[in-house]
Amino acid sequence: MSSHTDEARPFRYDAEVDPGEKRHIEYEVSETYLGRPVEIPVTIINGEHPGPRLYLSAAIHGDEVNGVKVCQEVADRYEPAHLHGTIVVIHVVNVPGYNAQQRYLPIYDQDLNRSFPGTSGGSTASRMAKVIYDRFVSHCDFGLDFHTSTRNRMTVFHARADMTDDATVELVEQSGIPLTISGAGNEKMLRRVATEDGTPIITVEMGEANRFQPLLIDLGMQAVENVLAANEMYPDAEARYPAFSKVLTSEDQKRWIRADYGGLVDMKWGPYPLVEEGETICVIADHFGQESHVVEAPFDGFLVGILANPRVLPGHPLVHLVEVTEEDKTAVRAAYERIGFARHGTFHWMGETDPDLVDNLLDGRAPEGE
């Protein structure tokens, strides 16, 4: 994807990681109230052979741990002797939030993913973002940033990416992620800032907060493997691609549908994560079962995310709905049929460990022309 020299280069942050070296480091990005260092865990695998630099990160929101497992497995699996280029892995970006099992930086609830590229004289989040961006992100050629939904919600495996950027489109195609929602992202979001600076990064959304979901972790690892294979970074990398891929580009009809009443939610959609305009998405009932409120789909949509906690208050999000065409619906049904969605009935299939689910989603074909 990116040009590089004919010789393997050291990777410099403050020190150097020489070609042929794998180093695990704890890198200081801030301090605690006691003046102790806040350190992020980083693995740098610098290949013996020249090649591009791949950036991987997880837990920029502290409760998003599926990607932490992906990063752990990447750091263990790949060795510099076989690597063409460099893999830079930030296992946990938001260490204070991760330690507190919270999404944002504790105390002031600052969102680290709305703080890039950061400033040296700004808020705690902005200062941390500047160190991370300057020392690691800015030295890479492209990357994947792993996320999940926040607490009490679930999201399907998909990418968020700026599909108006040619390099980002290429990276999405290389990753083999079946569903991509196109958008530039918020102004100070990591992927937007990096992409605008010439380092395309895509967000990989994968499941629920605060838990490991083996199927999604396997799919995340496969996305990494696909990118390595497409860029000839690892000779043994095996690219496996889904039977279909789809980019959803709607900007007008994409929103969370929220509750207007408090109570208990009974989801009625299914068997696929699709609803027709006017179809009942869910019913909100009181504890006596005497009062119920039907929530209908305002348009034909794909359920990218759903509420996981059945208790709601007015204003709580119920589902994240993205408008789809008939062609989109056909593609979605085909994809979820392959992984037994109708059999499992809810998003809980994403926690299954059955390897056949991954095999059914991925048919082993490379994209046309590769």
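The questions and answers below concern a predicted model.

Student: What distance does helix H3 reach from its first C-alpha to its last?
Tutor: Helix H3 spans residues 124-135 and has 12 residues. At 1.5 Å a residue, 16 Å is expected. The model comes close to that, with a reach of 17 Å.

Student: Which residues of H3 are buried, and why are they on the same side of the helix?
Tutor: The buried residues of H3 are Ala125, Ser126, Met128, Ala129, Ile132 and Tyr133. They are on the same side of H3 because they cover an arc of only 160° around the axis.

Student: Which residues are the closest to the centre of the largest pocket?
Tutor: The largest pocket holds about 950 Å³ of space. Its lining is made up of 41 residues. The closest to the centre are Arg103, Ser149, Thr150, Arg153 and Trp256.

Student: How many residues in the lining of the largest pocket are charged?
Tutor: Strands giving two or more residues to this lining include S8 (153-155) and S11 (201-205). By class, the lining has 11 nonpolar and 17 polar residues. The charged residues number 13.

How values were computed:
Residues numbered from 1 in each chain as written. Predicted model: local features only at pLDDT ≥ 70, side-chain atom pairs only at ≥ 80, totals over all residues. Heavy atoms only, no water. Helix = DSSP H or I, 4+ residues; strand = E, 2+ residues; numbered from the N terminus. Expected span 1.5 Å × (residues − 1). Buried < 20%, exposed > 50% of the residue type's maximum accessible area, 1.4 Å probe, protein only. Arc of directions from axis to C-beta. 1 Å grid on protein atoms, 1.4 Å probe; cavity = no way out; pocket = protein on both sides within 12 Å on 5 of 7 lines; lining within 4 Å. Points joined across faces, edges and corners; volume = space filled by probe spheres on them. Nonpolar A, V, L, I, M, F, W, Y, C, P; charged D, E, K, R; others polar.
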